[in-house]
Amino acid sequence: MKLIIAIVNSEDASAVLSELTRQGFSVTKLATSGGFLRAGNVTMMIGVEEEQVQKALSVIEEFSSQRKQQVPVNSTYIGDSMITVPVEVTVGGATVFVLDVEQFYKL
């Protein structure tokens, strides 16, 4: 048995969760945040048999896409005024961990 921990951008989470559920995966969803932009994420925990890992990873990959976004992070003072300069960053996609599970109980 394997445990998939997938950290997905909030904008993609609904589509990923819907498709995983539609395909019969049981998913536990946790609201999380962090990273460079302190943006909202959803962490999904999915327990699967080893032969189902690739199928779950394919769903996560298909329904979570990376994209470019302008984010105001650099600030510069010119005289008495502060100007914020936007920076383009990549957001979205997923960070996924696949772990071995020694024991599993559903109580």
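Predicted model: local features only at pLDDT ≥ 70, side-chain atom pairs only at ≥ 80, totals over all residues.

**Starting from one lysine**

Tutor: Let's go with Lys-2: at 15% relative accessibility, Lys-2 counts as buried (buried is under 20% relative accessible area, exposed over 50%, partly exposed in between, with a 1.4 Å probe and protein chains only). Residues are numbered from 1 along each chain as its sequence is written, and side-chain values use heavy atoms, leaving out hydrogens and water.

Student: Okay! Which residue forms a salt bridge with Lys-2?

Tutor: That's Asp-100, and the closest N and O atoms are 2.2 Å apart. Lys-2 is in strand E1 (residues 2–9) and Asp-100 is in strand E6 (residues 94–100), so the pair ties together parts that are 98 residues apart in sequence. By salt bridge I mean a side-chain nitrogen of Lys or Arg within 4 Å of a carboxyl oxygen of Asp or Glu.

Student: And Asp-100, is that buried or exposed?

Tutor: Exposed, with a relative accessible area of 62%.

Student: Where do Arg-22 and Glu-19 sit?

Tutor: In helix H1 (residues 10–22), where being three residues apart puts about one helical turn between Arg-22 and Glu-19.

Student: Which of them is buried and which is exposed?

Tutor: Glu-19 counts as buried, at 12% relative accessibility. Arg-22 counts as exposed, at 61%.

Student: Let's stay on H1, then. Which other residues there are buried?

Tutor: Besides Glu-19, the buried residues of H1 are Asp-12, Ala-13, Val-16 and Leu-20. Looking down the axis of H1, you'd see these buried residues fall within an arc of 150 degrees, so they line one face of the helix. The arc uses the directions from the helix axis to the C-beta atoms.

Student: What's on the other side of H1?

Tutor: Exposed residues: Glu-11, Ser-14 and Arg-22.

Student: How far does H1 reach?

Tutor: H1 has 13 residues and reaches 19 Å from its first C-alpha to its last. That's close to the 18 Å expected at 1.5 Å a residue, where you multiply 1.5 Å by one less than the number of residues.

Student: Zooming out, how many helices and strands does the chain have?

Tutor: Two helices and six strands. They're DSSP runs numbered from the N terminus: helices are H or I with at least four residues, strands are E with at least two. Going along from the N terminus, the order is β-α-β-β-α-β-β-β.

Student: And how much of the chain is buried?

Tutor: The chain has 107 residues, and buried ones make up 25% of them.

Student: Last topic: where is Met-1 found?

Tutor: Met-1 is in the segment before E1. It counts as partly exposed, at 30% relative accessibility.
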